[in-house]
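Subject: A structure for you to look at

Hello,

Here is the structure I promised to pass on to you. Please open it next to this email, and then read on for what turned up in it.

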Amino acid sequence: MTTQTWIITGASRGFGRALADSALAAGDNVVAAVRRPESVADLEAKYPDNCLIATFDARDVAAATDLVRATLDRFGQLDVLVNNAGRAVVGAVEEVGDAQLRELMELHLFGPAALVRAALPAMRERGSGTIVQMSSQGGRMAFPGVSAYCASKFALEGWSEALAGEVAPFGIRVMLVEPSRFRTGFNRGDVLEFAEPSATYRDLLADVRADMAGTDGRQEGDPVRAAEIIVSLAHGDEVPLRLPLGREAVERISRAYRRGLDEVERWAETARGADFDDVPPSVRPV
């Protein structure tokens, strides 16, 4: 198996840590991009020749170029970029403020976008590369109480789908990973943020808040198994544009697609009535 070089953001825990462990165990090189270098010091100690720790805040778009440069200086190539860092804010639309919404967009869209832009020249030059965007089942359907999180993941998915079409001619692949619930620490009390509940939505979203707060350590998904799947795909000949991970994600996303298609078909004739009668369908490049 050809040795690959990875950049993994948010590598201190959860999916990021599992991916770093799996890639290093496979003999790959890993740049663990984290806010707290001490959180992955054991990785560098275990794999001194293959692991580079980089202090990095995924929201800092200006730091993306330096991270890619450090990777190329150390390992000479960049094969896989994983935009993994993320978190959620729980609250109704009227409870989550602009600052919280913008912070999630910076973390889940603007930061990853800057890092992808920084990585693409090196990947284009080699004629290969894989960009792994850690999305969520919440990137394909939205749930009451997590509108801000879902909005940021929807944005990442749309941006990445367009990206995939742009970079495919250069041999670069894009894979959106859409997990259900995994034991990653995502639901830990010091990670998950709750907006101040209002009288209007306190009772309506009480079950959602309790579910999000009470599921840590009980999720059905195994991040180690997930990481092994992603590393295997990155080394393979083909990756899907979208990869639901976990039974729940497969079932929920499948139902969402069916509901969407049913709704399109139900309103199709009404929708077609918006066109001019005497204008033929246009021929589009995509």
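Let's begin with strand 7, which has both of its faces covered: Ile172, Val174, Leu176 and Glu178 on one side are buried, and so are Arg173, Met175, Val177 and Pro179 on the other. Buried means a relative accessible area under 20%, exposed means over 50%, and partly exposed lies in between (1.4 Å probe, protein chains only). Eight of the eight residues of strand 7 (residues 172-179) are buried, so the strand is largely enclosed by the rest of the structure.

Before going further, a word on the source: this is a predicted model, in which local features need pLDDT of at least 70 and side-chain atom pairs count only at pLDDT 80 or more, while totals for chains, interfaces and linings use all residues. Residues are numbered from 1 along each chain as its sequence is written, and side-chain values use heavy atoms, with hydrogens and water left out.

Which strands pair with strand 7? Strand 6 (residues 129-134) runs parallel to strand 7 and is joined to it by six bridges, with Met175 as the bridge partner of Val132.

Some terms for your notes: helices (H or I, at least four residues) and strands (E, at least two) are DSSP runs, numbered from the N terminus. Two strands pair if DSSP finds at least two bridges between them. A crossover is right-handed if, with the strands pointing away from the viewer, the path from the first strand over the helix to the second runs clockwise.

Now to strand 2 (residues 29-34), where six of six residues are buried. Strand 2 is joined to strand 1 (residues 5-9) by five bridges, and the two run parallel; Thr9 stands opposite Ala33. Strand 1, helix 1 and strand 2 form a right-handed β-α-β unit. Strand 2 is also joined to strand 3 (residues 51-55) by five bridges, again running parallel, and here Ala33 stands opposite Ala54.

What about the interior? The largest nonpolar core has 32 residues, and Val132 is one of those with the most contacts inside it. Such a core is a set of buried Ala, Val, Leu, Ile, Met, Phe, Trp, Tyr and Cys residues joined through side-chain atoms within 4.5 Å. Helix 1 (residues 14-25) gives this core its largest share, six residues. Leaving out residues up to four places away in sequence, Val132 touches several residues, including Val82, Met175 and Ile230; contact means heavy atoms within 4.5 Å.

Is Arg209 buried or exposed? Arg209, in helix 6 (residues 206-214), is buried, with a relative accessible area of 13%. Its side chain reaches the backbone oxygen of Ala195 at 3.1 Å.

The C-alpha trace spans about 60 × 50 × 35 Å along its principal axes.

Enjoy exploring!

Methods. Polar contact = N/O pair within 3.5 Å; in protein donor to acceptor, adjacent residues only side chain to side chain.
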